[in-house]
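Please look over the chain before reading on.

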Amino acid sequence: MTHGQLGPIHDSLATVTLRSVITEREIPLGHGSTSASASVAPAAADDLLFATRGEEHLRWRELFSTEEFGHRDLPHRERVELSYRRLRTVAAAIPDARALALSAPALTALHEWAGPADPGMATLASIHYNLFLGSLLDHDHEERDLEPWLRMDRIGTFLCTEAEHGNDAVNMETTAEYDRASRQFVLHTPGPGAAKWMPNTSLTGGPKDAVVAARLLVDGRDLGIFLFLTPLSDERGHLPGVSVERLPHTAGAPVDHCATRFHHVRLPHSAMLQGDHGRLSPEGEFESTLGSPRIRFLRSIGRVSMGKLCMSGYSLGATRQAIAVAVRHGSTRLTSGMTKGRRVPLMAHRSHHEPLLDALATTYAATLLHRSVVRQWEVAEEAEREEVDRLVAVTKGWITWAARETMTTCRERCGAKGLLLTQGIAGQLAANEGTITAEGDNKVIWVKAAGELLMGGFTPKPPSETAPEQRSLRDGTHLQDLMADVERIWHERARTRLRSGGVRGNPMARWNGAVTPALELVAAHAHRLAGEALLEAADRVTAEEAEHIRDLHRLFALRQVAAHSGELLAGERLTAEQVRRLPDEVERVVADLEPHILALTERFFVPENLPGSDPAGLVEAAPDASAAGPESLTGGTGGLRESEPDAA
């Protein structure tokens, strides 16, 4: 694929065409050049945003653009059945399921496209390929026949969380007691609170197996939590000793969530997933390279960290789709202008396009941060694993929370039509709540990250020696330094609170006093890393493209600086005059970016026939430039008439 040019999009209206490298057809987009149709090449988007595994993104973009993955209004149970059928369509499109499960770039690419296409199917795929198959591959598996799951003759699921043990899963109660005489494990749920909650263990979708997290008991000795391969059902139903109860429907992705219990289910010695972190001989002799049962548990469920990368990718795909729908809508939907009888596109109004530009800048930064973190995950040595795991957790929390905010903005910019499930925003907004909780609740994993950053896991960057009045708010490097200043400010405040707050001998009181600024530190850390990834991307594109990327970075960074301007002023990192100028600097960069919002959005490569991006009923035909007149210019409307009734 060739590296395309980002053609400028001028203020007046015309028709822009985007020729897809896959579908080879023209797509009307609306807001474009006055002189000729500007061509925005997806190849450039691939180079910038999808460079980690371009071929993977192309495969899934093409598959999920087919009619099979279009929206269908179905009752919940039928909707779940459809997701399982689609899951097998995905399986048929995977050249090598083993390679997919072992590759972070390939696996996260699947999630970026599967989520927008079908949240339920994406959830099932994540469980089967990452949590189930990935766990089998990450442990000793040379003598295990994986073909039934590689071919998806049987579907895999993952049972860890219990009804009364969510974020404290290390205290789970499910047991797997080893019987030396029979050389079998006895898997048992001791009470209702230990029921596995809420895996997809129903009979829907066909025969299933699970890896079940349980406490290994040998001669009454608790050796910690390990995973056990457990058959759940066959063509006739659930197997003896397996009790499954469907749970009420969730507001998010349609999945057959269940509560699952085991009643003295016997498993062969081969059922235990073993590795250096823990091995049990057939004679019942245990050995491990790790002395801590807690670390053994974390090693056993190591696929949860990969799952955080997958959930981030899922949210990114849904976010990019929401922005594409909203920007296409705003570029073609007409509303009142400043002169009687004149109509302009919604996007002409500053009050309409400014929030979308903020969302666009954040999503570019989030995508590029995700690419960076995936690369670091792929090459991390064992000694770096703890730091990279923390980075993955910070990134997952920030991206999935940012997705919620961005999709809310996009839904509102589409008016009532944005509520339609066929447009792919409102439904994805609800489904995104699942990513916020899945693989570790965001707030909980951020609290853990905050503690690590405070206790030696992070050294703040020292302040610049150049006086702030000698630096420009239009300089990306200076803006990055200011975001680093925000990090340092919250780090120092949290450390001070931790040292001086609370009551002697009461660690909970000390931590409660420090946790709020510590969480601000995590947020500042995520913003700084995302801004860094965005600014660095400007060095990998053409000069013309680099200008727009740097403008996106300026907008993203200025918002963060403005949000903390009081702290920066008090810390003498900003002058009073610079604080006063911040709104004008934001206005300047918004005005610079507005003519290019559509072209920058099309870099997301979202096809129109992907569920949610289909313009039917939302994006109107591109308006005639002559009908709009000069008031299509953002500066000519000022947004003053936007309160007039809109047919939407």
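## Basis

This is a predicted model, in which local features need pLDDT of at least 70, side-chain atom pairs count only at pLDDT 80 or more, and totals for chains, interfaces and linings use all residues. Residues are numbered from 1 along each chain as its sequence is written, and side-chain values use heavy atoms, leaving out hydrogens and water.

Strand S13 spans residues 265-268. Strands (E, at least two residues) and helices (H or I, at least four) are DSSP runs, numbered from the N terminus. Val265 and Leu267 form the covered face of S13. Arg266 and Pro268 form the uncovered face. In a regular strand, side chains alternate between the two faces of the sheet.

S13 pairs with S5 (residues 184-188). The sense is antiparallel, over four bridges. Two strands pair if DSSP finds at least two bridges between them.

## Cysteines

The whole structure has zero disulfides. A disulfide is a pair of cysteine sulfur atoms within 2.5 Å. For cysteine 414, the closest cysteine sulfur is in cysteine 410, 6.9 Å away, too far for a bond.

Cysteine 414 is buried, at 1% relative accessible area. Cysteine 310 is also buried, at 0%. Buried means under 20% relative accessible area, exposed over 50%, and partly exposed in between (1.4 Å probe, protein chains only).

## Leucine 82

Leucine 82 sits in helix H3 (residues 76-93). Its relative accessible area is 3%, so leucine 82 is buried. Leucine 82 touches Arg72 and Leu74, not counting residues up to four places away in sequence. Contact means heavy atoms within 4.5 Å.

Glycine 205 is 123 residues from leucine 82 along the chain. Their C-alpha atoms are separated by 9.0 Å.
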